[in-house]
Amino acid sequence: MKTKHTISVVLYPIIFLLLFLAVWQIADWIWKIPRILLPSPWEIITVSIKRIDDLLSATLITAQAALVGFSLALVMGTALGLLFSISKIVRRSVYPYMIFLQTVPIVAIAPLIIIWFGGGMASIVVIVTVISLFPIVTNVTTGLRSVDTGLLDLMTLYRASPHQILFKVRLPNAIPYLVTGAKISSGLTIVGAVIGEYMAGHGIDEQGLGYYIFMSSENFQTEVLFASIFLSSLLGVVMVTTVALISHTLLARWTFQLER
Amino acid sequence: MTHTPAIAIDNLNMQYGGATILDSVSCTIPAGQWVSIVGPSGCGKSTLLRCVAGLTNPTTGMVQLEGKQPAFVFQDPTLLPWRSAAGNIQLPLELEQPSKESWSDRVLQVAQLVGLADADIDKYPRELSGGMRMRVSIARALVMNPNALLLDEPFAALDEILRQQLNQELLHIWQTQQMTVLFVTHNVAEAVYLSQRVIVLNANGTVGGDVAIDLPADRDPAIRNTPLFLEKTAAVSRILQEGL
């Protein structure tokens, strides 16, 4: 029964993809669609193989920017969440602006970041950090504050210090929330890296997928554009899946309410 | 057993949002005695227990405790899900003596006292049944070797068979550890079976009655069918009805 389910989950999307590519290729043969508008799957594959070294190198550079920005967002988001949970004054003063910042589109903020940090990797990393920071801050703040009152009563009974309450109850309680925030952010990191490279990835030695998307659209190299889009999406899937796998392992202890 | 008051509650009043929760509650609990508090829902039983534990400050009145801070068992086991049973049991010891590295002997001792098997103490709360989780919670309360134990309807969520089994085990622990116990319950029969005294709280937060339960000290489940047990249960129930 389970095998049948697995086959349907894996096999059906693969069959659909193959059919889709076949229809696309046949349509290209029949109507001779100009390459500049819509290259055929075969043309995309051929060009990708020719430029495999460039594309893989760009993928690694984008992944690197995404990982550095994501790591910074994790550290800064946890620190800010901690600060918001400790100080009501800071939370009430700053938190509304965090929400405001989140509503501003990243492409609107990106030029400012480029002015402040210059073109290149620094700006790209800052853009990734900004786009992935908010889900981590909100989740960590919630996790640190939404502790079961019974557990806090327990700590009061044993006259626990604020330091002991933080390290023995609040921080462990916030881990599942941090992981949820990280899962949401992990998908956003690739979006941030590609936008950053698209806008600030020029004139540097190491160019990522965002730069390739920009250049291929400027030069009407639609095959490279398709390949870059595919690799960006694949990178996003890898990022989200990796964080989900780490979180699954990490949260094995925290599933108290889920299993019974 | 001595008769020095372990817990003295003096004219306790508690008001919250304009409503009176506790009204002039006074009583003394001698050291080593098991006293149960019964009353209708919302009469302030748990609030009274929280005032005794120092978790809630009364509006007026005073609670005096003899000796160490009493241990508290909540209605829910309130376990840390990211810690094993042993980790939960040793939490109070960690909080009191952060520099010490191992408490395994004391943890094993109380785990055995409450009927936790060696294999269970390394399990996480999600791997334990409701009854086992409550045993961990009781073990955690006992690990500091308290003089007094405050129990806030700890068996309310358990089935009747498990409830009676844990009643028996708790009685055994009380007899061996010589503790003072203040036990809040909805169940009149349970209160009479376990206690030496039953204090009845009225719906308006006043004390409706204080019934001495002069049953034999060695409580056997068969005692539930004796005329004296039924008489005491009826007496407590009558006071409860009058106080509604």
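This is a predicted model: local features need pLDDT of at least 70, side-chain atom pairs count only at pLDDT 80 or more; totals for chains, interfaces and linings use all residues.
Now look at two helices in chain A. One is helix H5, residues 106-117. The other is helix H8, residues 162-200. The axes of H5(A) and H8(A) come within 10 Å. They cross at roughly 50 degrees. An angle counts as roughly parallel under 35 degrees, and as roughly perpendicular from 65 to 115. H5(A) and H8(A) are therefore oblique to each other. Is their crossing left-handed or right-handed? The crossing is right-handed.

Which residues meet there? From H5(A) we have A:Ile106, A:Val107, A:Ala110 and A:Ile114. From H8(A) we have A:Gly192, A:Ile195, A:Gly196, A:Met199 and A:Ala200. Sort the residues of this contact by class, and you get 7 nonpolar, 2 polar and no charged.

On to chain B. Its domain assignment also gives a domain 1 and a domain 2. Domain 1 of chain B is written in pieces: 1-6, 16-70 and 146-244. Domain 2 of chain B is 78-145. Find those pieces in the sequence above. Between the centres of the two domains of chain B, taken over C-alpha atoms, there are 25 Å.

These domains of chain B touch. Domain 1 puts 9 residues into the contact, and domain 2 puts in 9 residues. Which helix gives the largest share of the domain 1 side? Helix H6 of chain B, residues 160-177, does, with 4 residues. By class, the domain 1 side has 8 nonpolar residues, no polar ones and 1 charged.

Last stop: chain A against chain B. Chain A brings 17 residues to this contact, and chain B brings 15. On the chain A side, three helices each supply at least two residues: H7 (149-157), H8 (162-200) and H11 (256-259). Which one gives the most? H7(A) does, with 6 residues. By class, the chain A side has 8 nonpolar, 4 polar and 5 charged residues.

One thing to take away about H8(A). This helix meets H5(A) inside chain A, and H8(A) also supplies residues to the side that touches chain B.

Methods. Residues are numbered from 1 along each chain as its sequence is written. Chains are lettered from A and ligands numbered from 1 in the order in which they are written. Two residues are in contact if their C-beta atoms, placed from the backbone, lie within 7 Å. Ala, Val, Leu, Ile, Met, Phe, Trp, Tyr, Cys and Pro count as nonpolar, Asp, Glu, Lys and Arg as charged, and the others, Gly among them, as polar. Domain bounds come from an automatic or database domain assignment. Axes are lines fitted to C-alpha atoms, for helices over the stretch in contact, and angles run from 0 to 180 degrees between N-to-C directions. Angles under 35 degrees count as roughly parallel, over 145 as roughly antiparallel, 65 to 115 as roughly perpendicular and the rest as oblique. A crossing is left-handed if the near helix is turned anticlockwise from the far one by less than a right angle, and right-handed if clockwise.
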